[in-house]
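Biologist: Could you walk me through reading salt bridges and burial in a model? I would like the general idea, then the case at hand.

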Amino acid sequence: MVAGKGAGKPVSLWDNMRIRFIVCFLGVFVCYFYYGILQETITRGEYGQGDKKEKFIFAQTLVFIQCIINALFAKIMIQLFESSKPDHTTSWLYGLCSLSYLGAMVSSNSALQYVNYPTQVLGKSCKPIPVMLLGVTILRKKYPLAKYLCVLLIVGGVAMFLYKPNKSSAVADDHAFGFGEILLLLSLTLDGLTGVTQDHIRSRFQASPNHMMLNINMWSTLVLGLAVLWTGEVWEFLNFTERHPSILYNILLFGLTSALGQTFIFMTVVYFGPLTCSIVTTTRKFFTILGSVLLFGNVMTTMQWFGTLLVFLGLGLDAKFGKTPKKTTH
């Protein structure tokens, strides 16, 4: 008997690539859009009433909880889909990667105490810059000319967005380049180191995304757990949640949307490739900024809007033309 294509197997909606793309796109968009709203709500909100109002200042503990949820989620995904696939990556590499990964997240969350969310999101959109520069210097990677042109657009756009010529204007802080922006630069540098380390792990040990997500978050949980115990921040955090228990719901949702959003990103890469994933995440970042402006009343000047357009133009062109061409085999 000759079995025809798909003979004996019922065709499901998931076999339709168009349906898959819609699910992946909506998964990334919804999870990270809601993630951004929750992040700004938690870190920039005011808790209490009258003279007893206070802000959430426990960035390390927030990332600690996020790492625990990410690790648990990755463990579940491995048990369901990759239980027979071992991971031979050297443990200390995951430890080094977790340090840069942790530093980037803590710096990024801490920056929200000094800058508004559009500034933070746009700054984090520049992740290709440190990844490219550190890839060239450390891994000796080569990039096409279009990649460097796109980076110039991104850098120029960020410079326009962060430049504040009038110090008396109503902006997030009083300085043209303040502590919040320094934290963002630190976060970007650490993002670049994380990307280079992950590249090395993928190329040498062929680790799967879920194994990498599990091990990096487990190391991060260990390091941050010791840090919050040493500084005593965890006890202050518990006292804060006792005074404002409603924040626990937002923190739990924050961790879940982060873990689920990463899963949809990995699905997009597997089914449609990194190019499509870049376009999806770039689109998501633009609407995150727009949503923050509309929902939280963050005012953006004409120069900042123009800088935003330059950044996303650079990111879009990079996704389309800035990729290293693949070698074809016959």
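Modeller: Buried means under 20% relative accessible area, exposed means over 50%, and partly exposed lies in between, with a 1.4 Å probe and protein chains only. This is a predicted model, where local features need pLDDT of at least 70, side-chain atom pairs count only at pLDDT 80 or more, and totals for chains, interfaces and linings use all residues. Residues are numbered from 1 along each chain as its sequence is written, and side-chain values use heavy atoms, leaving out hydrogens and water.

Biologist: What share of the 330 residues is buried?

Modeller: Buried residues make up 48% of the protein chain.

Biologist: How many salt bridges are there?

Modeller: A salt bridge puts a side-chain nitrogen of Lys or Arg within 4 Å of a carboxyl oxygen of Asp or Glu. By that rule there are three. One of them joins Glu40 and Arg44 at 3.8 Å, N to O.

Biologist: Where do Glu40 and Arg44 lie?

Modeller: Both sit in helix α1 (residues 17-44), four residues apart, about one turn of the helix. Helices are DSSP runs of H or I with at least four residues, strands are runs of E with at least two, and numbering starts at the N terminus. Glu40 is buried at 3%, while Arg44 is partly exposed at 29%.

Biologist: Which partner does Arg243 have?

Modeller: Arg243 pairs with Glu54, the closest N and O atoms being 2.9 Å apart. Arg243 is partly exposed at 46%, and Glu54 is partly exposed at 24%.
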